[in-house]
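Student: I have a structure open and would like to learn how to read it. Can we go through it feature by feature?

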Amino acid sequence: MPTPFLLRPVVAHEFDAWARVIANTYNEDLTPDALRRERAATELARTLGAFDDGAPVGGTAARARMLTVPGAVVPVAGVTCVGVAPTHRRRGILTALMRRQLADLHESGAEPLAVLRPSEAGIYGRFGYGLATRGAQLRCDKRAMVFRPDVDFGTGSIRLLDHKKARPLLEQVYEQAHQRTVGWPARKAFAWNERLLDDDAARDGATALRFAVHHEADGTATGYALYRVHSGRDVLGNNASTVRVIELAALSHPAHAALWRYLAGIDLVPWLECEAAVDEPLPHLLVDARAVRSSEVDRLWVRLVDVPRALAARRYAVPLDVVVAVADAFCPWNTGHYRLRAESPEAPAACTRSTAEPDLRLTVAELGAAYLGGTTLATLAAAGRVEELRPGALARTSTAFRGEREPCYPGGAAFPAF
């Protein structure tokens, strides 16, 4: 149903008011510095505002990013700044904004995928987004973190650096790490500025950001850990101080192990918290795996804007030749039958429309959920969300979509969305 509100890109003199409307939907205030950072990260041509009598009452934006997917790095539209003023909810504005944004992306022929990190998990499935990555929220008892005697920590060393010396090394390590880690986006300057933001709001009562950089014997940086220490006591007066790991990246197994050993060895702090991939190896480095407790939370949601382009952009774990019937009520141009062929994990895939009888039936949201190789089509079928029409097609296709490791999104809840 069409919305009575005007939808159009935001122009320069409207930006502050528009950004404040979005922030208010998350019960946040924007300082002048925050407004400047947001403006620097935003392409006005890729914003949308909903206007009532000339005043912004909602909006969304997209940022051009590169995202690592199985076997490739592909352009994606990072959806951010989604919100509707509390005075204008339940009037179809969000649906209209999402529909217009996806239609604009499709008509532009730009990115074949849209990705976002939702504030609430129940919002975006109806717009065709699928839950593609999860984060494991780790809480570790450092007093029980004894490393196995056979762990290889390498011959490198860890140095604490200041922001100025650390940043170029962090960027170098991250650039290499993201290309081998599914779910990690390439980072532009604005994203690094947000990642390393160290004002009072970012600290949330903890210390300033610490930069621990792992170096090999020849001086090459091969990993880093960003962290803060939050001091506190529990209700009984016991020390409840916590090392809060903001981000950890490593280019080798020894560097990964050495960084965790360093964090576990920080004195006078009994707890360690971090968000990591759901298959984070840390518990397997320890004598007592129960020193690490975890709970899962959804993180990155993926939406195929152009089904054949998106499916052809990634690689597949096993050879595949399958016809899938895709339904997409929100973006009807995607609805149809597609033949997906991949000769080998190394070869480019091909995806074209087909008139053949389908082997599987699903909606675009299931393709988004499975796209990064985490959520499996077999799991979705067990939930009744994928229908197998030819025996054996489900197992083969589910295996083909799977990645070597679980995909993840770096930064967790503390890191701003795309």
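Student: What should I know about the model first?

Tutor: It is a predicted model, where local features need pLDDT of at least 70, side-chain atom pairs count only at pLDDT 80 or more, and totals for chains, interfaces and linings use all residues. Residues are numbered from 1 along each chain as its sequence is written, and side-chain values use heavy atoms, with hydrogens and water left out.

Student: At what angle do helix α1 and helix α2 pack?

Tutor: Start with the elements. Helices (H or I, at least four residues) and strands (E, at least two) are DSSP runs, numbered from the N terminus. Axes are lines fitted to C-alpha atoms, for helices over the stretch in contact, and angles run from 0 to 180 degrees between N-to-C directions. Here α1 spans residues 15-25 and α2 spans residues 32-41. Their angle is about 105°, and their axes are 11 Å apart.

Student: Which word describes how α1 and α2 lie to each other?

Tutor: Under 35 degrees is roughly parallel, over 145 roughly antiparallel, 65 to 115 roughly perpendicular, and the rest oblique. So α1 and α2 are roughly perpendicular to each other.

Student: Which residues meet between α1 and α2?

Tutor: Contact means heavy atoms within 4.5 Å. From α1 come F15, D16, A19 and R20; from α2 come L35, E38 and R39. By class, this contact has 3 nonpolar, no polar and 4 charged residues. For the classes, Ala, Val, Leu, Ile, Met, Phe, Trp, Tyr, Cys and Pro count as nonpolar, Asp, Glu, Lys and Arg as charged, and the others, Gly among them, as polar.

Student: Is R20 buried or exposed, or in between?

Tutor: Buried means under 20% relative accessible area, exposed over 50%, and partly exposed in between (1.4 Å probe, protein chains only). R20 has 43% relative accessibility, so it counts as partly exposed. Not counting residues up to four places away in sequence, R20 touches L30 and L35.

Student: Which residues of helix α12 are buried?

Tutor: Helix α12 covers residues 393-401, and its buried residues are A393, L394, T397, S398, A400 and F401. They cover an arc of only 160° around the axis, which puts them on the same side of α12. The arc is that of the directions from the helix axis to the C-beta atoms.

Student: How many disulfides are there?

Tutor: A disulfide is a pair of cysteine sulfur atoms within 2.5 Å. The count is 0. C408 is in no disulfide, and its nearest cysteine sulfur, that of C274, is 10 Å away. C408 has a relative accessible area of 11%, so it is buried.

Student: What phi does C81 have?

Tutor: First the general idea. Most residues other than glycine have a negative phi. C81 is not a glycine, yet its phi is positive, about 55°. C81 sits in strand β4 (residues 72-84). At 13% relative accessibility, C81 counts as buried. D204, also not a glycine, has a positive phi of about 50°. D204 lies in the loop between α6 (200-203) and β9 (210-215). D204 counts as exposed, at 53% relative accessibility.

Student: Which residues does R134 contact?

Tutor: R134 is in strand β7 (residues 134-141). Leaving aside neighbours within four places in sequence, R134 is in contact with V278, E296, V297, D298, R299, T375 and P407. R134 and V278 are 144 residues apart along the chain, but their C-alpha atoms are separated by 6.7 Å. R134 is partly exposed, with a relative accessible area of 33%.
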